[in-house]
Amino acid sequence: MPDQSETAIPDSHRAEPVELEKDDTVRRAVVRIARVLRDHLEANLPVAMDGRNVEGVHQVRVALRRFRALAGLLRRDYPSATLDEASARARMLARAVGEARDWDVFMLETLPGLSPLGRAGVNVVGRLLPLARPLRDGAYARVRQVLASADAEWLLNFMGNLADGSLWDEARSPAALKALEEPAADFAARHLARLHRKARRRGRGFARLTPPERHQVRLALKKLRYASEFFVALHAPGQKGGLYLQRLAAVQAALGLDSDVLTTGRLLSLFDGEAGGETRHVVGAVTGFLCCRQDATHEAAHRRWRKFRRTPVFWV
């Protein structure tokens, strides 16, 4: 890479809100949403490839996930090999970006949060940080490789075509063109209701769910949240939609520790090849500490889940 020492660290960019009109068709809504997603991804690609601002990788990951959420909604109603390919390429890019993001979270958030172990004489940072740095560097090298690849170029072009109003191949048939003229509000209500039911089903018996099962609840909530953010302006641009999204985000955040513990366990397993006696001791201490913290926060997650379940939906 070129010398970065004399260049400014680039700024990352959050996505703009999706603005839809109540009389939008599905086709018009796809154009508006795709513009936001394309602009979000395009703005953060150079930041992620530069690597000095860790928010760049995070924002690219979010943009790819949101695109896959949109593609997933469309694929249910309009089966398409082209949409399948677009989703698969986005998933491949997201995996590479996600690995780098996982190491950023581990080094910048997880390790500092383990300071109580230091007071107990466990040298977590001193032992694990030197092991994590080369793995993070390798993950960022893969990020630069995949984001400069033909897959990334293809996906960005596809998103650009959607944003410009072009349709994927299978959507040009007379039947598909007619279906795309459905009111976007009807399309949104149907899919939001389905995703809401799925999330509630995943969370049934919440107090008894295992950490991997709670992780599945979080994934279902994430899909629901992305779809809600896409379409909230159609049904509830004011307080009602805001309350639903606020409580949805709160329970998703509370469940984030389950995801963090699972991810940290996977990352710690990568140190096995370097594991001397002290490293194994530190890894064991970290694992136990995180599991105890996970148990301690479960009740808070359960309270937020109950509050979310009582919240009226905004699309009826």
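A salt bridge is a side-chain nitrogen of Lys or Arg within 4 Å of a carboxyl oxygen of Asp or Glu. By that criterion, a search of the whole structure finds 17 salt bridges. The structure is a predicted model, in which local features need pLDDT of at least 70 and side-chain atom pairs count only at pLDDT 80 or more, while totals for chains, interfaces and linings use all residues. Residues are numbered from 1 along each chain as its sequence is written, and side-chain values use heavy atoms, with hydrogens and water left out.

**Salt bridges**

- Side chains of opposite charge can pair when their charged atoms come close.
- Arg136 pairs with Asp104, and their closest N and O atoms are 2.6 Å apart.
- Arg136 belongs to helix α5 (residues 124-147) and Asp104 to helix α3 (residues 81-110), so this bridge ties together parts that are 32 residues apart in sequence; helices (H or I, at least four residues) are DSSP runs, numbered from the N terminus.
- Asp104 is buried at a relative accessible area of 1%, and Arg136 also counts as buried at 17%; buried means under 20% relative accessible area, exposed over 50%, and partly exposed in between (1.4 Å probe, protein chains only).
- In the bridge between Asp50 and Arg52, the closest N and O atoms are 3.0 Å apart; Asp50 is buried at 15%, whereas Arg52 is partly exposed at 27%.
- Arg306 bridges to Glu299 with a closest N and O separation of 3.9 Å, and both Arg306, at 33%, and Glu299, at 40%, are partly exposed.
- Salt bridges that share partners link Arg61, Glu99, Asp102 and Arg266 into one network.

**Aromatic rings**

- Tyr244 lies in helix α10 (residues 239-254) and Trp315 in the segment after α12 (277-309), so the pair connects parts 71 residues apart in sequence.
- Tyr244, at 0%, and Trp315, at 7%, are both buried.
- Phe206, Tyr244, Trp305, Phe308, Phe314 and Trp315 make up one aromatic cluster.

**Cysteines**

- The search finds zero disulfides (pairs of cysteine sulfur atoms within 2.5 Å).
- The sulfur of Cys292 is 7.1 Å from the closest cysteine sulfur, in Cys291, which is too far for a bond.
- Cys291 is partly exposed at 32%, and Cys292 is exposed at 54%.

Conventions
Helices (H or I, at least four residues) and strands (E, at least two) are DSSP runs, numbered from the N terminus. Rings of Phe, Tyr and Trp (its six-membered ring) pair if their centres lie within 6.5 Å; planes under 30 degrees apart count as stacked, over 60 as edge-to-face and the rest as tilted.
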